[in-house]
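Hello,

Please read them with the model open beside you.

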Amino acid sequence: MAAKKEEHVGHSDTNLAYHVPWGFRREALFWEGDIPVGVNIHPFAGELRGWLRQNGAFTLIAPDPGAHPEEVNPYTYQTSVLTAILARSIDAAYEFWTRSLDEPQLEADVERIRLYNEQILYIARFCEASIKQLLFATSIWKPRLATSTLAPLLSTECLGCKGSGKKRHMVSYLGSLAHAYHLCIPFEQCLFEHLKLVGRRRNIEAAHSETQLLVDRPVPETRKKLEEDSIAAGTELVHMLEHISDLEHLMIQELTGIVLRGHNPLPASSVPSA
């Protein structure tokens, strides 16, 4: 997909953010000279969804000491770590709500809150990193996106309109990726609402000073509460991963086609300025 002239594509629904056409950057692939030899995106969302459904494993990817770090999508390493931590948090929650250890009620509730907060925090971090991994491979990428939280990836004010005197509209970076593959409706009418909820939940319950309060109740009830909350969060996560993995698959499929053809249709590029 070659980069296109910068313009904005609107919707008939003015409440939806605009999209920008995009193309893949050279950094979307691995190269030997001028020959593409591999895809610089890993399908973490698809793998994590399979693991959650007990239908496969996820991949741990550590930096290769002999490789050039600048050649690898940095969010490949980061998303790999976050996937593993999230999986361990989910396993730890399962171990807590299924065990029969006799323990003080308040201490058990502290553990419930800790495990739940870990899941909420790392679900949000995983979503951010997996989306940034996809954006990094495209002409949409700007260095300022590296520090973006989840919300600006979904909708942010258009910087191109700044100082133009025109009413500034919203642009969606994730929506722009989905638009290219005709995934606008499932993304903007379903996935975006789930991701907004994940971001709000993380901010309210797991990222700042606010948290759930302790409840002094029988330990079996505390374990049951974590089970219910974890299953609800996990069910929502599986649904979100389905949408993100659809986008992963289509982008990887397109890049694999470039590799199989064995020629270079992509422009030489580096990370654009902010």
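**The strand pair**

In this predicted model, F30 stands opposite G38 in strand β2. The partner strand is β1, residues 29-32, while β2 covers residues 35-39. The two run antiparallel and are joined by four bridges. Together β1 and β2 make a hairpin, with two residues between the strands. G33 sits in that turn and has a positive phi of about 70°.

**Helix α2 on its own**

Helix α2 takes in residues 74-98. Its length is 25 residues, and from the first C-alpha to the last α2 reaches 37 Å. That is close to the 36 Å expected at 1.5 Å a residue. At the start of α2 there is a contact between a side chain and the backbone: a side-chain oxygen of N73 comes to within 3.1 Å of the backbone nitrogen of Y75.

**How the helices pack**

Two packed helices are described by the angle between their axes and the distance between the axes. Both values follow for each of two pairs, and α2 is a member of each pair.

How do α2 and α3 lie against each other? Helix α3 spans residues 105-136, and its axis comes within 8 Å of the α2 axis, with a crossing angle of roughly 155°. Angles over 145 degrees count as roughly antiparallel, so α2 is roughly antiparallel to α3. The crossing of these two helices is left-handed. The residues of the contact between α2 and α3 divide into 16 nonpolar, seven polar and five charged.

The other pair is α1, residues 44-52, with α2. Here the angle is about 15° and the axes are 11 Å apart. That angle makes α1 roughly parallel to α2. The crossing of α1 past α2 is right-handed.

Regards

Conventions. Residues numbered from 1 in each chain as written. Predicted model: local features only at pLDDT ≥ 70, side-chain atom pairs only at ≥ 80, totals over all residues. Heavy atoms only, no water. Axes fitted to C-alpha atoms, helices over the stretch in contact; angles between N-to-C directions. Parallel < 35°, antiparallel > 145°, perpendicular 65-115°, else oblique. Left-handed = near helix turned anticlockwise from the far one by under 90°. Nonpolar A, V, L, I, M, F, W, Y, C, P; charged D, E, K, R; others polar. Expected span 1.5 Å × (residues − 1). Polar contact = N/O pair within 3.5 Å; in protein donor to acceptor, adjacent residues only side chain to side chain. Pairing = 2+ DSSP bridges.
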